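Hello,

Here is the structure I promised to pass on to you. Have a look at it first, and then read on for what turned up in it.

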Amino acid sequence: VLMMFYTTVAGWLLLYVFKMAKGDFVGLDADGVAGEFGSVLANPGLMTVFMLLCVVFCFSICAMGLQNGVEKITKMMMVCLLFLMVVLAINSVRMEGGRPGLVGKVVFAALGQSFFTLSIGIGAMAIFGSYIDKERSLTGEAINVLVLDTLVAFMAGLIIFPACAAYGIEAGQGPSLIFITLPNVFNHMAGGRFWGTLFFVFMTFAAASTVTAVFQNIVSFATDLTGCSIKKA
């Protein structure tokens, strides 16, 4: 049920990699950027194509195995995304007119986001926790996940809320926020088109890591139940 929504959003992110690289947002104001996202939502055929591309890509990662596929690819891309989020957070905090978005909202939103991801993500954590070597402490790993997840959520708040305040965008728009607010941020950054393309590449991999986690559960279920190989599953 979760994947019905998540693979669609992953498809949006992949589509935005191409849109950002092409310069579709260059010169647009906040309403123009919102209009670009509206045109995407009005094209179900295009969304379906990119959703299917993400599904095939994520199952391909699972087919490579847990360590050679899922672990190697996710580690590299998550470190890159974390670095880019730090750059964007610093940029947003320094925006003129962004200060009202910092007061109270960031911490509250970060706690809400971390609660959501840690509760919804409990299935994925259980899946990958079952592969951890017995020499590693589950308590220690749980603390690492908790701290890192909350830190990333806090940085996401630092990126989003000052930008919403600066550009007069409603912060309660849900998933579409990243597709409206951040292109506006990149439009006002030096080299924004380059940074924006990189960001959506890494975000696509971040979404793919979640999709892959759920797919890994399905693949593991199939291999345990039937004894078939990972690729067949």
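Which residues of α8 are buried? They are Leu177, Ile178, Phe179, Ile180, Thr181, Leu182, Pro183, Asn184, Val185 and Phe186. Buried here means under 20% relative accessible area, exposed means over 50%, and partly exposed is in between (1.4 Å probe, protein chains only). Helices are DSSP runs (H or I, at least four residues), numbered from the N terminus. Because 10 of the 11 residues of helix α8 (residues 177-187) are buried, the helix is largely enclosed by the rest of the structure.

A word on the background. This is a predicted model, in which local features need pLDDT of at least 70 and side-chain atom pairs count only at pLDDT 80 or more, while totals for chains, interfaces and linings use all residues. Residues are numbered from 1 along each chain as its sequence is written, and side-chain values use heavy atoms, with hydrogens and water left out.

Now to the interior. A nonpolar core is a set of buried Ala, Val, Leu, Ile, Met, Phe, Trp, Tyr and Cys residues joined through side-chain atoms within 4.5 Å. The largest one has 43 residues, and Phe179, Leu182, Phe186, Phe199 and Phe200 have the most contacts inside it. At least two residues of this core come from each of α1 (2-22), α2, α3 (44-63), α4 (66-93), α7 (138-167), α8 and α9 (192-226). The largest share, 9 residues, is supplied by α1. Apart from this core lies another, of 8 residues, including Cys58 and Phe215.

Not counting residues up to four places away in sequence, Val33 touches (heavy atoms within 4.5 Å) Phe25, Leu28, Phe179, Ile180, Pro183, Asn184 and Asn187. Val33 and Asn184 are 151 residues apart along the chain, yet their C-alpha atoms are separated by 7.1 Å.

What about the cysteines? A disulfide is a pair of cysteine sulfur atoms within 2.5 Å, and by this rule the count comes to 0. For Cys54, the closest cysteine sulfur is in Cys58, 6.2 Å away, so it is too far for a bond. Cys54 is buried, with a relative accessible area of 6%, whereas Cys80 is partly exposed, at 28%.

Finally, Met125 is found in helix α6 (residues 122-129) and is partly exposed, with a relative accessible area of 35%.

Enjoy exploring!
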